[in-house]
Every structure is written in structure tokens, then in C-alpha cells.
Amino acid sequence: MNLNATVPLPSNLIPDFASPEWMNKADNAWQLTAATFVGMQSVPGLLILYGGAVKKKWAVNSAFMVLYAFACVLLCWVGWGYRMSFGDKLFPLWGKANVALDEKYYFQRAFLGMIPNVTMVYFQFVFAAITLILIAGALLGRMNFYAWMLFVPLWLTFSYTVVAFSIWSTNGYFAVNGIIDYSGGYVIHLSSGVAGFTAAYWVGPRLNKDRERFPPNNILLMLAGAGMLWLGWTGFNGGDPYVVSMDASLAVLNTHICTATSLLTWLILDIAFFGKPSVIGAVQGMITGLVCITPAAGVVQGWAAIIMGICSGSIPWFTMMVVHKKWKLLQKVDDTMAVLHTHAVAGTLGGLLTGIFAEPKLNFLFYDNYNQYMGLFYGLHMGKAKEGFRQMGWQIYGILFVVVLNIIMTSLICLFVGLIVPLRMSDEDLEIGDEAAHGEEAYAIWGQGEKEASANNYKYGGGHIEMA
């Protein structure tokens, strides 16, 4: 057989006007699929998770905050957000604002991968949307919906785009200097955890009786949302190589290994210290595992994913169950869904562990650069300690940058919105809930679920989720 002979392509692979020569059809198909997986994590995933996890009188409001954010982010994204995050450089930390709405731009090759801009715009949109939706988790049960309507576009514009450009854009300051954030441990989870906690401070707390007793109105519905969140992470981490490759497969498997380990670790700690296995606790452990592996998914070995799962199931558990109860400052802030612990703490943990366990060969598969990306563990083992410590330095620098930026920008945005509309609903409306906010109720049944809540060891109160 003459290997140099020209072999005609199958008809479905022949380039044409709709499929140019530079575009890989398989990669494009997977990218669209992965993006839809991530979109479904928000709608309906987090929509029904939030709707089921809150008190009955807040089910509609909580779900509606998700739906609104998803729609609002999309219009802002194509209007200016995408180009500010991934377009031409305005500053080392920020891109130039421009629209992403015309066919000429859409059908050009994206900044990475063999896919068109139109696919990349869609893929990156669902990540931006879920970041705002995660912030909402800290604000459930009291934020004025009109304030939320203003907060979403402002935070996307002045916080998310800055972090996304500096860490993910090929021209961004941290990206150029070698920070590793495979799929959003910094850009999405650390940002949303810090911003959510900061916004919760400015919005103020729920009613005292709601903080003390906030039983989920439908745990099974909450579990359905959690299941969509877990399986949707297949696209979350598996889509970030922008190519159908072994690295994408590794990212997917590592994601599920870490998540399962984290869930089981959290469950064991609940049983050991509180005597009962809690399904709400298991969901918390699931989320911290998903968050922790995100910055590392395709650049660490499977054994490292297990170690990360043990850490993500135990350290956020400790900060939530022990540190939070002893630190009065944390207790003053009413973080409804405990995003400080599940996203900020777990995201920080993931960023640090990535700096330790990032494997040079796997970094090369993802970044196409063997020397710049070196986990500390491998640096010490290979006699390249300087490179390993350099990596840890940039991981820590990135954490500090994201934390400080989000505290400042989120505070400024909340103060500005507060000049226009109240950030918090009135106490009278908080007594009523959905009916006062939207004129609608989730269920035509009596009560707030207190009767069945007595069997549940977790309570949503005191600014976090804790064992009762």
C-alpha cells in the first residue's frame, strides 16, 4: 500500500463554505454538546436545586433569579462581554468591548481550537452565566429582585470580564505568566464564592426566624438538580481542551473520581461527628469535589484526583462546621447556600493543589508548553524546584488577585445599586415571600415544611448550612 498516495476524503469531511478547511467537525460537535451540558447545569439544574433547597415561600423567587440571570447574561455576553473577556487587549487585565453579533466575526476561527467564534461565544457564555447563578446562592431568601436585575449585568461587566481576560485569554496577564486554571477554579468558583459572600454582606440577612429555620421544601427536587450539576460537569471540564482528545477524556474521569471521593469523605465525617448520614451534606461534598478538581481536571493524574477529593471533602467541611461556628464575623454574613465554603474555599484549595500536582506531560497536552507549567511535586522530583515554586507563586498570586478584585468590585456594585433600589426586600415582604415578590406561589399547599424538617440534621441558618 502506498502511504503517500492521495486518498479522497469521505463526502462528509470535504470542506465547504459551511465547514471550512480549518474547522474540525468532531471538535465543533463536542464543543456545542459540552456547552449545552454546562447550560443545563444552570437551567434547569441549579434552578431546581435552589428551588427545592429553600423554604417553600422562596421557591419561585430562587428559581426565577436563576432564569433571569441566564437570559440577561446572554444578551450582555454577545453585546460586549465576550469580546471584553476574550477579544483584543485593552489593558493586561481587560479586553476591548465590542459586539459579537455578526456573521463575519462568528465564522472566523476562534482564538483556540479548530472551531469557529460562534461556537466559542456560546461555550463561554454558559460559564459566565453559571458564575452569576452561583453568586445568587448566597443571596436567596431576601434580595430585592429589582436589585438583582441591576446587579447581574454590572457584575458581569466589571468583575467577570476582568478575571476571565486576565486568566483565560491568551493575551491576559496571568495566562501569559503561566497560571493554571484548567476550567474555572479561579474564574468561576473562587470569583463567585468571594463575590457571593461580599454581596451577602451588603444585602443583609434574611429574617431571624428564616435564618434559624429554613427547611428545604423538596429534597428530592434538590437532588435532581444536584444530579444534573454533577453529570453536567462532564461538559464543564471535558469541553475545555477545545478538542476531542485523550486530555478531554482524562478531565472527565478525574472530575468524577474527585467528586465521588469528596462526597464520600464528607459523608464519613458527618456520620463520625453527628451520627447520621445527611443527604444535604452529601450534596455539599459533591459540590466541593466538583469545584476543587476544576482548575486541575486535565493536568493531574487519577491518584492526585483522589487526594484532591479527600481534601475537598474534609477542609471545606471543617471550615463550614467548625470555623464558621467559632468566627463571629462569618456568622454575621448570611450566606444562604454557603458559597463561601463550597466555592471560595474549595476553589482556593483546588488552585493550590493544582500548583502541587500539575503533571508536566499533561500540561503539555493542554498548553502545548512543557517548561512553563510545572507542579511543585514534580519540580522537586525532577530537580526543577525553581519551576515548581514559581508555579505555586503564580497560583497564590492569582488567588489574591481574584479575592481582592471581587471584594472591591462587588462592594462598589452593591453600593451603586443600593442608590437606585433597595438591595433587600422589606421585612413585611420577607414575611410573605414569593407572593409579595412575584404574585405567585410554588405550591398550593399549607405550611413551610417544618413538620418534616425535624428529621433532617442540616439547617439553613446562621449564614451557612450546618448540622442542627
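This is a predicted model: local features need pLDDT of at least 70, side-chain atom pairs count only at pLDDT 80 or more; totals for chains, interfaces and linings use all residues.

Reader: Surface first. Which residues make the nonpolar patch?

Author: Tyr 201, Trp 202, Val 404, Ile 407, Ile 408, Leu 412 and Leu 415 make it. The patch covers about 660 Å².

Reader: Which elements give two or more residues to it?

Author: Helix H7, residues 185-203, and helix H17, residues 385-420.

Reader: And which gives the most?

Author: H17, with five residues.

Reader: Where does Trp 202 lie?

Author: In helix H7.

Reader: Is Trp 202 buried, partly exposed or exposed?

Reader: Switching to packing. How do H1 and H2 sit against each other?

Author: Two packed helices are described by the angle between their axes and the distance between the axes. Here H1 (residues 25-53) and H2 (residues 59-86) pack at an angle of about 165°. Their axes are 7 Å apart.

Reader: Parallel or antiparallel, then?

Author: Roughly antiparallel, because angles over 145 degrees count that way.

Reader: Is the crossing left-handed or right-handed?

Author: H1 passes H2 in a right-handed crossing.

Reader: Now the backbone. What joins Val 43 and Pro 44?

Author: A cis peptide bond, with omega about 15°. Most peptide bonds are trans.

Reader: Where is Pro 44 placed?

Author: In helix H1. That is the helix that packs with H2.

Reader: Next, phi. What is the value for Tyr 242?

Author: Near 60°. That is a positive value in a residue other than glycine. Most residues other than glycine have a negative phi.

Reader: Which loop holds Tyr 242?

Author: The one between helix H9 (219-238) and helix H10 (246-274).

Reader: Buried or exposed?

Author: Tyr 242 is buried, because its relative accessibility is 8% and the cut-off is under 20%.

Reader: What about phi at Ala 338?

Author: Ala 338 has a positive phi of about 60°, although it is not a glycine. Its place is in the loop between helix H13 (328-332) and helix H14 (339-357).

Reader: And is Ala 338 buried or exposed?

Author: Ala 338 counts as buried, at 0% relative accessibility.

Methods. Residues are numbered from 1 along each chain as its sequence is written. Side-chain values use heavy atoms; hydrogens and water are left out. Patches are made of residues with over 30% relative accessible area and no salt bridge: like charges are joined within 9 Å, nonpolar side chains (Val, Leu, Ile, Met, Phe, Trp, Tyr) within 5 Å. Accessible areas come from the Shrake-Rupley method with a 1.4 Å probe; for residues, only the protein chains shown count as cover. A salt bridge is a side-chain nitrogen of Lys or Arg within 4 Å of a carboxyl oxygen of Asp or Glu. Helices (H or I, at least four residues) and strands (E, at least two) are DSSP runs, numbered from the N terminus. Axes are lines fitted to C-alpha atoms, for helices over the stretch in contact, and angles run from 0 to 180 degrees between N-to-C directions. Angles under 35 degrees count as roughly parallel, over 145 as roughly antiparallel, 65 to 115 as roughly perpendicular and the rest as oblique. A crossing is left-handed if the near helix is turned anticlockwise from the far one by less than a right angle, and right-handed if clockwise. Buried means under 20% relative accessible area, exposed over 50%, partly exposed in between (1.4 Å probe, protein chains only).
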